[in-house]
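Colleague: I'd like to go through this one with you and ask where the labels come from. Can you put it up on the screen?

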Amino acid sequence: MPELVALFRPFAALSLFILRSSRDGDTARPIALKAVSDAMRSSLGLSLAEDDLLAFAAVLDDDDGAMLSVLRGGSNEYDYDGDSRGSFLRFVLGPAFVAMDLDSLAALFAKRHAVWAKSNLLRNSNGNSGSQSPATRDLALGICDKLRLTSVLETTIPSAPAQYADPTCAVDSRVWMALKEARGIDRLYSHQAKAIDCVLGNARRDVVVSTGTASGKSIVYQVAVLQLLLQSGEGEENTILLVFPTKALAQDQLVALRSLVCHIPELSEIVIDTLDGDKTHRETRRAIRDTASVILTNPDTLHAAMLPAGAHAWRGFWQRLRLVVIDEMHVYQAQFGQHVAHILHRLQRICCWAQGKNIGGSELDVRFVACSATTANPAEHMCALTGRRSAADIEVVDLDGSPHGSKHMALWCSSTNPNLNSSSTSNVLSRPLSAAANVCNVAIQLLAHGLRIIVFCKSRQTCELVFREISDSLERSPTPRIRELQTRIMSYRAGYTAAERRAIERSIFAGDTRLVVATNALELGIDIGSLDAVLMVGVPTSTASLWQQAGRAGRRTRDSLAIVMADSARNPIDKRTVAAPSGLFDRVFAPATVANEQSIAAAHLQCAAFELPFAANEIDDTEGLCWDPVLQRWICALSFKPWPAEKVHIRSVQQTGADWQVVDFGTAGAPTLLEVLDAYHALFALYEGGILLHRGLSYSIDCVDPDLRVALVSKSNVSWYTVKRDYVDAVPLSVSRSRTLSSDNAGKLEVCYGEINVTATVFGYKRIDTRSRKLLELVEHKSPPLTIKTSGIWLDIPLNIAQNLAASGHNVEASIHAAQHALIAEVGALVGCVSADLSTECKSPLANRSKIPRL
């Protein structure tokens with residue numbers, strides 16, 4: 001039984017505390033009971049009633065070998081008898097074994113214990129996984145074989161021990177005490193120590209920490225924040241700004257920072273708060289501005305609220321600003337990266353003014369700390385974003401000292417001729433199976449073996465469909481233990497309300513949720529605890545994204561599994577990956593790039609002039625600005641007033657316009673806000689007669705009001721879902737530049753760049769059967785189109801080429817559309833953008849309209 005002792009040993013101390021507090025009537029007993037219950041549920045997936053928990057605690061009282069004594073049928077000071085031992089074994093094995101005699105239970109336990117060990121459930125006493133890698137690999141291969149999948153590529157990343165180090169710079173002892181009391185951290189990993197030395201040492205350099213997922217990067221800036229706050233208490237007033245790409249990350253770190261500050265009495269009066277779009281009340285924003293020493297925000301709020309609010313209003317905060325943290329820096333690439341770079345430049349300009357420094361000079365006393373996933377050029381990327389120093393002056397910390405267990409990674413796809421057992425509860429989708437359907441089957445198998453799983457999907461609708469399929473499959477299972485898992489799975493994606501997302505995050509972190517189906521909204525560093533396996537629906541769009549998702553499992557020293565399920569029958573990129581898979585799991589990362597669009601730079605120039613008018617000799621290019629003869633300064637153009645930031649959308653053009661609200665009017669009582677969608681997603685998701693999928697439930701879209709931007713929905717028990725029928729037109733308005741590629745007998749081939757109007761139109765929807773995925777009906781419906789003005793390139797196809805395509809039996813529009821998507825897949829790396837920055841026309845064959853052949 002030594003493995004059993006190892007499995008339960010982490011609970012022994014708390015269990016002993018429960019026993020003693022119960023025996024002595026201590027008031028701490030309920031707290032101890034809950035602590036052990038939560039720990040067991042998180043680590044083992046076991047839930048106990050109070051009486052069972054007390055009995056279990058007695059079994060775990062290992063002070064004098066009581067645990068082994070009970071298992072062996074002996075007695076101890078608590079007078080356990082053979083029946084107690086039987087109760088314990090029945091508890092361990094499950095409620096189905098209540099009627100079995102003790103010898104049969106003991107024999108069955110030995111068999112079940114072997115299964116647990118192979119299924120990644122037993123871990124040694126210090127939290128490591130032991131020789132778990134072969135078992136994880138064997139489990140994966142067994143599932144692959146059982147479901148008749150093809151394993152295209154496999155590799156195992158070996159485990160690595162922790163590398164510890166101590167910083168050489170002076171850090172207040174109260175900071176180390178807070179880390180130990182709040183987090184149990186008494187030693188730093190080598191990369192943490194090095195980064196802290198860079199930030200707080202005598203040199204005080206800007207630093208970028210570029211290490212793996214869950215390597216403790218946030219500890220670096222948390223220590224720096226605490227140190228600077230303690231220095232404030234010694235007469236130096238310091239303020240700190242932390243910038244996160246999402247509100248969820250800011251909320252996550254707000255909790256972390258406050259928990260540390262609670263352990264330092266001298267910081268009890270310090271105000272740490274978030275400032276984002278959820279803080280809409282003017283008085284609340286003013287109070288945060290005037291009292292907070294630490295503000296956690298995002299680029300959107302910094303751009304649209306904090307910087308334009310008036311340099312004088314925020315002068316006190318900017319004057320005392322000493323540290324700016326840029327978390328998840330790798331997110332800020334391409335056009336979004338250029339927007340964020342200009343925002344950070346505007347921030348530094350105002351800080352120079354507030355601190356009496358030379359605007360544009362290098363003497364600004366503000367340090368930058370950036371945390372990033374692994375990229376090829378972290379220093380150059382940070383330099384492009386901050387614009388403050390050359391890349392050589394930025395300290396890069398990229399040698400990861402954190403421990404990690406082994407990770408088995410695999411690329412799977414459907415076999416050419418799947419031959420699943422029709423009686424299998426997993427075989428619920430039509431064949432040939434898509435990547436989403438295969439992932440559902442694999443997820444159910446992993447759940448049945450006790451693993452905690454996250455499934456990543458590329459779209460919101462796929463996320464909902466996968467979640468519902470897994471939920472329905474669990475509900476249909478003939479095994480009670482499997483059916484019970486239906487209550488322990490969740491979906492997570494953008495669109496859910498903030499309160500709903502926070503509740504899901506807490507449930508995952510606490511271990512109550514065994515499986516979560518998510519979009520890349522969970523790819524970033526929100527702390528959701530330890531998971532055992534990652535399943536990816538389709539090949540991720542980049543190496544960085546693949547490793548970010550794979551890193552969600554196996555945090556710290558736990559071994560893990562990461563499976564990429566290719567959709568080679570439906571996705572040409574996945575098909576190419578399956579045909580040439582070598583290098584998929586190589587850690588070769590593309591460089592992070594920032595765009596250089598003149599239109600974006602010009603827009604932020606207007607924002608900067610509005611915040612703080614330019615002196616006559618401050619800038620060379622004043623095109624678009626207005627000269628104020630009274631101020632003797634360059635000011636914002638009238639066309640950008642009254643609030644320039646509102647006219648400069650820093651995210652994708654898809655987020656143009658006010659948000660939509662989805663309200664459930666079908667439930668009893670008051671109407672309930674169900675979702676919040678941006679204008680672009682609302683166009684494709686909200687159409688009358690359609691079905692909105694939300695956390696596995698179907699909602700009928702009863703009324704859509706474009707003027708109020710509200711959609712009214714009600715729960716609907718239907719066996720189908722809807723997919724929009726749409727097209728996107730791109731119409732050139734003006735040509736800025738052009739280049740002739742060829743001019744011969746085939747015709748003149750000229751590529752043009754200029755201003756275009758992009759119009760997205762939903763003209764109907766398809767009803768799809770949920771189980772069979774068969775098309776049930778095509779429904780005509782016209783929603784108001786969404787038109788966006790942007791820049792683009794186009795290529796008019798010579799008429800004779802189009803005629804030759806048609807003569808050879810090819811669909812001309814389909815051929816052009818395929819070429820457009822091929823260009824999107826390849827052109828990003830050439831021009832320094834990400835796929836989200838690029839889009840193309842979608843000429844639906846179901847939309848009866850005439851279009852000239854244009855790429």
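Colleague: What share of the 855 residues in the protein is buried?

Modeller: Buried residues make up 50% of them. Keep in mind that this is a predicted model, with 27 helices and 28 strands.

Colleague: Okay, let's pick one residue. Where is aspartate 400?

Modeller: Look at the loop between strand 10 (395-397) and strand 11 (407-414); aspartate 400 is in there.

Colleague: And why is aspartate 400 called partly exposed?

Modeller: Its relative accessibility is 31%. Buried means under 20% and exposed means over 50%, so with 31% aspartate 400 falls in between and counts as partly exposed.

Colleague: Which residues is aspartate 400 in contact with, leaving aside neighbours within four places in sequence?

Modeller: Those are His191, Thr211, Gly212 and Ser215. Take histidine 191: along the chain, 209 residues separate it from aspartate 400, yet their C-alpha atoms are 5.8 Å apart.

Colleague: What makes the link between the side chains of aspartate 400 and serine 402 a polar contact?

Modeller: The cut-off for a pair of N or O atoms is within 3.5 Å, and one must be able to donate a hydrogen while the other accepts it. The aspartate 400 and serine 402 side chains are joined at 2.6 Å, so the pair counts as a polar contact.

Colleague: What does the side chain of aspartate 400 reach at 3.2 Å?

Modeller: That's the backbone nitrogen of glycine 212. Gly212 was also one of the contacts I listed for aspartate 400.

Key. Residues are numbered from 1 along each chain as its sequence is written. This is a predicted model: local features need pLDDT of at least 70, side-chain atom pairs count only at pLDDT 80 or more; totals for chains, interfaces and linings use all residues. Side-chain values use heavy atoms; hydrogens and water are left out. Helices (H or I, at least four residues) and strands (E, at least two) are DSSP runs, numbered from the N terminus. Buried means under 20% relative accessible area, exposed over 50%, partly exposed in between (1.4 Å probe, protein chains only). Contact means heavy atoms within 4.5 Å.
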